[in-house]
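Thanks, everyone. Let me put the model up, and then I'll walk through a few places in it.

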Amino acid sequence: MNEQQRSILLDSSSRFPIPSGVKFSYGTSGFRADASLLESTVFRVGILAALRSIHTRSVIGLMITASHNEVSDNGVKVADPSGGMLTQSWEPFADALANAPDSHALLKLLDDFVKEENIIFEGVPTVEVFLGRDTRPSGTSLVEAAKQGITSIMGAIATDMGVVTTPQLHWMVRSKNKGTEASEYSYFDQLLVSLRCLLDYIPQGNKSNDVSDKLIVDGADGVGGEKLEKLKTRLSYLKIDVRNRGDGVLNEGVGADYVQKEKLVPRGFGPVDTGIRCASLDGDADRLVYFSVLPNSNKIDLVDGDKILSLFALFLKEQLSILSGSEDGKANKSYQASLGVVQTAYANGASTDYLKQLGLEVVFTPTGVKYLHEKAAEYDVGIYFEANGHGTVLFSENILSWLEIKSNELASTSKDSEQHKAALRLLAVSKLINQAVGDALSGLLLVEAILKHMDWSIDKWSELYQDLPSRQLKVKVVDRTAVITANAETIVVRPTGIQDAIDVETAKYPQGRCFIRPSGTEDVVRVYAEASTQEAADSLAHSVVKLVDQFLGFK
Ligand code: 16G
Ligand code: MG
């Protein structure tokens, strides 16, 4: 960095002192904290994003959101050129940057990092960072801090996309770097055109018309409801009633996280909604769950991320097998696409059994989108979902070009064949479903299209398999970093002895399964237990909480 650049950085960073007594850490979803503590962090992430743009010669994204956290929190995360999460190799730099005690320490860090990573400032045509924020009031001033950080790197441009969902921002970054239009309008366009295609190729036949076109969506009082309301005006097929569009408190008794964890109706829903298909988005619309209201109660039948995954897997497997079979029923050997499913330890055991019964390859990764996404990208068609409703489907470049060729070929030889339709459907799914990151809006449209294709009600979908009862608890301990896990968080290797004790407890319960892991977003250890009855799952979870106390000590 030249002297002018160094003096700009020194000067601008002195305007954003870090709060005392706080340690920031770039967790599974970036930095998160009470919004009042975040100005310096966001400013510094702005600098990081501009450097990343220089280094990758691409547009980078910076999103200000704390997702499903309470409204007083906020957060910041970076989207890489592909639209995916920031490369893990830069995370330690993000941590160091956020915690540098003063401007001089910050400058030294930047100098060292620029040398180490060999970041070349000269000859970069454009240095650009797309900025987005959710509806949190604190977002406005934090965006300003981000702009100051970005523009502290000479020549860097901060392009403000305004209030957007997290997946919209990731999508825009990806599109821009692919040379296609990166506006909200083009995002909606892509969703609507591909949805239309899926609906156009719905098999005609004896339909029971089980699936109603009525859907009620809980927008978590966040950005998702607002965007869905806009999208809806261009959607003729569905009648969507969007509730919790932003007049209430964000994430308070509403949203996908609440619905999935509490298994209760969100605010604004009640017994009158019994029998209607309902969905819930989280605060920044990157999670989606479905549910139906149980008669005369505030309880729900939850259709979580695992079931969305199962629905997608079933549909995609069917389309791939139509395509790989030839007209005479013999397998077409021209391309054998690999189809893989990625879950975490939180996936309900019944879902994993179901997917395996379908003959699918199921693999596990630790919690956090970056791990699932990376794994899913190893397949031609990789489907990943967390039980909490975050997930998507990734298509490899290979399969996409093969599908293009195949569909053109079939268009001239057998236009109305099932194979041709299957190829077109798969291409449409690859455009409808967000290739950058899990996206509640695009996921919702794909669910709706598949239900319509299958002619399935939400009940029929929910009955794919019966969830095993489960219980999640969180425990505040003296030091959660003392918990070290392995095998995709299914076993604990430290503290020594605790895994044996958990195994002994678990063995007492039919179909018992239990694991603990340190949270990446809160100062707690999480306990998950599953068993054949709710009482057993509760009891297993509570006994393991006691073990956590014995080995780690409650705070
Ligand atoms: C973050 C992750 C989510 C994960 C959750 C776990 C992203 C974008 N989000 O929200 O995937 O399920 O953290 O939280 O990666 P926990 O570590 O507190 O249990
Ligand atoms: Mg979220």
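A polar contact here means a pair of N or O atoms within 3.5 Å; inside the protein, one of them must be able to donate a hydrogen and the other to accept it. Keep that in mind for serine 519. A polar atom of the serine 519 side chain sits 2.8 Å from the backbone nitrogen of glutamate 522. One caution before I go on: this is a predicted model.

Stay with serine 519. Where is it? It is in the loop between β18, residues 513-518, and β19, residues 525-530. Is serine 519 buried or exposed? The cut-off for buried is under 20% relative accessible area. Serine 519 has 4% relative accessibility, so it counts as buried. Beyond its neighbours within four places in sequence, serine 519 contacts Arg480, Val524 and Arg526.

Now the ligand. A polar side-chain atom of serine 519 lies 2.6 Å from an oxygen atom of ligand 1. Taken alone, ligand 1 exposes 450 Å², and the protein buries 93% of that. Two more side chains to point out. For arginine 517, an N or O atom of the side chain is 2.7 Å from an oxygen atom of ligand 1. For asparagine 388, the corresponding distance from a side-chain N or O atom to a ligand 1 oxygen is 3.0 Å.

Which residues come nearest to ligand 1? There are 16 residues around it, and the nearest are Glu386, Ser519, Gly520, Thr521 and Arg526.

Compare the record. An unreviewed UniProt entry lists a "binding site".

Alanine 387 is in the loop between β13, residues 381-385, and β14, residues 391-395. Its relative accessible area is 6%, so alanine 387 is buried. What does alanine 387 touch? Leaving out residues up to four places away in sequence, the answer is Gln260, Val289, Asp304, Gly305, Asp306 and Tyr346.

The β8 and β9 hairpin has 6 residues between the strands. Look at alanine 285 there: it takes a positive phi near 60°.

On to β8 itself, residues 277-281. How many of its residues are buried? The count is 5 of 5. In a regular strand, side chains alternate between the two faces of the sheet. On one side of β8 we have Arg277, Ala279 and Leu281, and on the other Cys278 and Ser280. Both faces are covered.

β8 has another partner. Strand β6, residues 214-218, pairs with β8 in the parallel sense, over 4 bridges. Here valine 217 stands opposite alanine 279.

Last stop, serine 396. Serine 396 sits in the loop between β14 and α13, residues 397-413. Its relative accessible area is 16%, so serine 396 is buried too. A polar atom of the serine 396 side chain lies 3.1 Å from the backbone nitrogen of isoleucine 399. Outside four places in sequence, serine 396 touches Tyr379 and Asp380.

That's the tour. Over to you.

Key: Residues are numbered from 1 along each chain as its sequence is written. Chains are lettered from A and ligands numbered from 1 in the order in which they are written. This is a predicted model: local features need pLDDT of at least 70, side-chain atom pairs count only at pLDDT 80 or more; totals for chains, interfaces and linings use all residues. Side-chain values use heavy atoms; hydrogens and water are left out. Buried means under 20% relative accessible area, exposed over 50%, partly exposed in between (1.4 Å probe, protein chains only). Helices (H or I, at least four residues) and strands (E, at least two) are DSSP runs, numbered from the N terminus. Two strands pair if DSSP finds at least two bridges between them. UniProt positions are given in the numbering used here, feature names are shortened, and annotations may be inferred rather than shown by experiment. Contact means heavy atoms within 4.5 Å. A residue is near a molecule or strand if one of its heavy atoms lies within 4 Å of it. Accessible areas come from the Shrake-Rupley method with a 1.4 Å probe; for residues, only the protein chains shown count as cover.
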